[in-house]
Amino acid sequence: MSGSVVINGRFLAKSPTGVGRVGTELLRELIASLAQVPAVRRVPGPVRNAGEQWLALRHARSLLLNFCNAMPLCHPKSVLWLHDTLVFDAPQSYSRAYRHWHRSLFRWAKLRRTPLVTVSAFSRDRLVALGADASRVHVVHNGGDHLLH
């Protein structure tokens, strides 16, 4: 499927709180805006890291959108949504495994020059201060329309 876009919906397997709710609302709006596009289809996917890596390889020619602070490391054309930098700024709030995973993920994203999306100029500036390429960090602000759901 060359030229297609795949959305990593792994976050949908978790309870929709915090960042997961942001991903759910982004996906809801994206689906609504693409309602008239006949090529939209849903591909069931895995809920664990190993399965996510396999799915990414299967769709390697597609652009992969990754909401909710996670992405498969092996995909060559990913966009990573990093909601904020709290895992770096208040590491004591997270488990050791979670901190390690996010440090590795962020390091890998910088090395691969993965485009990053975040929710504020503050988070963008923090990501840049942590070593992200400023030209690859984009801001998409949160909205309040999720309150209507």
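A word on the ground rules. This is a predicted model, where local features need pLDDT of at least 70 and side-chain atom pairs count only at pLDDT 80 or more, while totals for chains, interfaces and linings use all residues. Residues are numbered from 1 along each chain as its sequence is written, and side-chain values use heavy atoms, with hydrogens and water left out.

Let's start with the overall layout. The chain has five helices and five strands; these are DSSP runs numbered from the N terminus, with helices being H or I of at least four residues and strands being E of at least two. Going along the sequence, the order is β-α-α-β-β-α-α-β-α-β. Out of 149 residues, 33% count as buried. Here buried means under 20% relative accessible area, exposed means over 50%, and partly exposed is in between, using a 1.4 Å probe and protein chains only.

Now the strands. Two of them pair if DSSP finds at least two bridges between them. β1 (5–8) runs parallel to β2, with four bridges, and V6 sits opposite L64 in β2.

Let me say what a pocket is here: on a 1 Å grid over the protein atoms alone, it is an open set of points with protein on both sides within 12 Å along at least five of seven lines, whereas a cavity is a set where a 1.4 Å probe fits but cannot get out; lining residues have an atom within 4 Å of a point. The second largest pocket has a volume of about 550 Å³, which is the space filled by probe spheres set on the points, with grid points joined across faces, edges and corners.

Who builds the lining? Elements giving two or more residues to the lining of this second largest pocket are α1 (19–33), α2 (49–58), α3 (86–89) and α4 (96–112). The top contributor is α4, with four residues. By class, the lining has 13 nonpolar, seven polar and four charged residues. For that count, Ala, Val, Leu, Ile, Met, Phe, Trp, Tyr, Cys and Pro are nonpolar, Asp, Glu, Lys and Arg are charged, and the others, Gly among them, are polar.

So what does α4 look like? With 17 residues, α4 reaches 24 Å from its first C-alpha to its last, close to the expected 24 Å at 1.5 Å a residue; that expectation is 1.5 Å times one less than the number of residues. Its buried residues are R99, H102, L105, F106 and A109. They are on the same side of α4 because they cover an arc of only 130 degrees around the axis, taking the directions from the helix axis to the C-beta atoms. Turned away from that buried side are the exposed residues R96, A97, H100 and L111.

Finally, two backbone details in the loops. N69, in the loop between β2 and β3, has a positive phi of about 65 degrees although it is not a glycine. N69 counts as buried, at 9% relative accessibility. R113, in the loop between α4 and β4, also has a positive phi, near 60 degrees, and is a residue other than glycine. R113 is partly exposed, at 44% relative accessible area.
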